Number of protein chains: 2
Amino acid sequence: MARRHSAQKGIIGEVLARLDHPTAAEVYEEVRKNFPQISLGTVYRNLSLMAENGELLRLYFPEAPDRFDPNAYEHYHAVCLRCGRIFDTDRTVPGELIGKIDQAVEACTGVRVESRVMIFSGVCKACQSGGRTQENL
Amino acid sequence: MARRHSAQKGIIGEVLARLDHPTAAEVYEEVRKNFPQISLGTVYRNLSLMAENGELLRLYFPEAPDRFDPNAYEHYHAVCLRCGRIFDTDRTVPGELIGKIDQAVEACTGVRVESRVMIFSGVCKACQSGGRTQENL
DNA sequence: TTAAATAATAGTAATGATTACTATTATTAA
DNA sequence: TTAATAATAGTAATCATTACTATTATTTAA
């Protein structure tokens, strides 16, 4: 059965694909350019609903607002400490590696792992070689 | 050189060791029993300072207030979805397993990983066998 | 089709965690 | 034993997010 989307949901989904792991506020600012009457609450509500539906991922960063990812398949994220950009892992990082970690965690905590939140931080390739910063992307 | 602690810092550290991964508010309530004049701001300030000093860990849970762990060595956490308890991994989970994940992440994102935030969720042993809930710990 | 039922919205208020600020008190050092 | 420094209590401010409400849009079914 085809999933029925509200008008704004469609717009939000489309904007999400154009921006790079935006926050709700960033989605709001972008959507507002073409639909000035939209409200931040509507953006939050639709993003939250779509995340619950498994249509997108909600990402939890320490000391920062949540971000949203239109790619709902299981993958993880690495953030560059210099330029702030966020990079997706591909499907190779889950798979057996995640299974091994889950096993190790279960072995020493007793918790049968069902899901995980993981954020990696470091320095991206461009910043390693070019000395880039948040300012000179 | 011996690290000089303020009075409250000592009290906070001591309370932290007795409670199980408490939030700042929980530390505050506990400390208040013996030092009723302490303020929540002081608790936050000291916990934050101690975390910056590497004397304790600040833990970031999705959709929940931060928690604090007096064990500052590198380890990770698993939370039980039924009873809410938080379990520590021991030192075996870092080590080579973390190194492998870091490598895999670097391979597909280009980010040289320096640190990570990881929270595992699932069902703990007691809840698996006893059908325990948050209510009947 | 059109009136009743349902869903979504804009706008705003409320909440919760955390930090910032300020005047005061305690601690250290010369 | 005073001057400089640090820490504190108490409160205000901030930021992300959710809740609420009156209104508007959409669907349904007679």
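Reply: Let us begin with a pair of residues: Ala78(A) has Phe87(A) of E4(A) opposite it. E3(A) and E4(A) run antiparallel and are joined by 3 bridges. Strands (E, at least two residues) and helices (H or I, at least four residues) are DSSP runs numbered from the N terminus, and two strands pair if DSSP finds at least two bridges between them.

Me: Before going on, what kind of model is this, and how is it numbered?
Reply: The model is predicted, with local features requiring pLDDT of at least 70 and side-chain atom pairs pLDDT 80 or more, while totals for chains, interfaces and linings use all residues. Residues are numbered from 1 along each chain as its sequence is written, and chains are lettered from A and ligands numbered from 1 in the order in which they are written.

Me: Back to the strands. What is the order in the open sheet of 6 strands?
Reply: The order is E4(A)-E3(A)-E5(A)-E5(B)-E3(B)-E4(B), with mixed pairing. E4 (86–88) of chain A and E4 (86–88) of chain B are the edge strands; each has a single partner strand, so one side of each lacks a neighbour in the sheet. From one strand to the next, the twist averages 25°.

Me: What packs on the sheet?
Reply: H4(A) does, touching E5 of chain A as well as E3 (77–80), E4 and E5 of chain B. Its direction makes about 115° with that of E5(A). H4 (residues 96–109) of chain B also packs there, touching E3, E4 and E5 of chain A together with E5 of chain B, at about 115° to E5(B). Angles run from 0 to 180 degrees between N-to-C directions, with axes fitted to C-alpha atoms, for helices over the stretch in contact.

Me: How many bridges join E5(A) to E5 of chain B?
Reply: There are 11 bridges between E5(A) and E5 (residues 112–123) of chain B, and the two strands run antiparallel. Arg112(A), for instance, stands opposite Val123(B) in E5(B).

Me: And the whole contact between the chains: how many residues does each give?
Reply: Chain A gives 33 residues and chain B gives 33 residues, where contact means C-beta atoms, placed from the backbone, within 7 Å. On the side of chain A, two or more residues each come from E3 (77–80), H4 (96–109), E5 (112–123) and H5 (125–130). E5(A) supplies the largest share, 12 residues. That side comprises 19 nonpolar, 8 polar and 6 charged residues. Here Ala, Val, Leu, Ile, Met, Phe, Trp, Tyr, Cys and Pro are nonpolar, Asp, Glu, Lys and Arg charged, and the others, Gly among them, polar.

Me: How do H1(A) and H3(A) pack?
Reply: Their axes are 10 Å apart, at an angle of about 80°. They are therefore roughly perpendicular to each other, a term that covers 65 to 115 degrees. H1(A) contributes Gln8(A), Lys9(A) and Ile12(A) to the contact, and H3(A) contributes Thr42(A), Val43(A), Asn46(A), Leu47(A) and Met50(A).

Me: Last topic, the backbone. Where is His21(B), and what is its phi?
Reply: His21(B) is in the loop between H1 and H2 (24–34) of chain B, and its phi is near 50°, a positive value in a residue other than glycine. Most residues other than glycine have a negative phi.

Me: Is His21(B) buried or exposed?
Reply: His21(B) is buried, with 20 other C-beta atoms within 10 Å. The cut-offs are 20 or more other C-beta atoms within 10 Å for buried, 12 or fewer for exposed, and partly exposed in between, with C-beta atoms placed from the backbone.

Me: And Glu63(A), buried or exposed?
Reply: Glu63(A) counts as exposed because it has 7 C-beta neighbours inside 10 Å. Its phi is also positive, near 55°, and it is in the loop between E1 (57–59) and E2 (67–69) of chain A.

Methods. Parallel < 35°, antiparallel > 145°, perpendicular 65-115°, else oblique. Contact = placed C-beta atoms within 7 Å.
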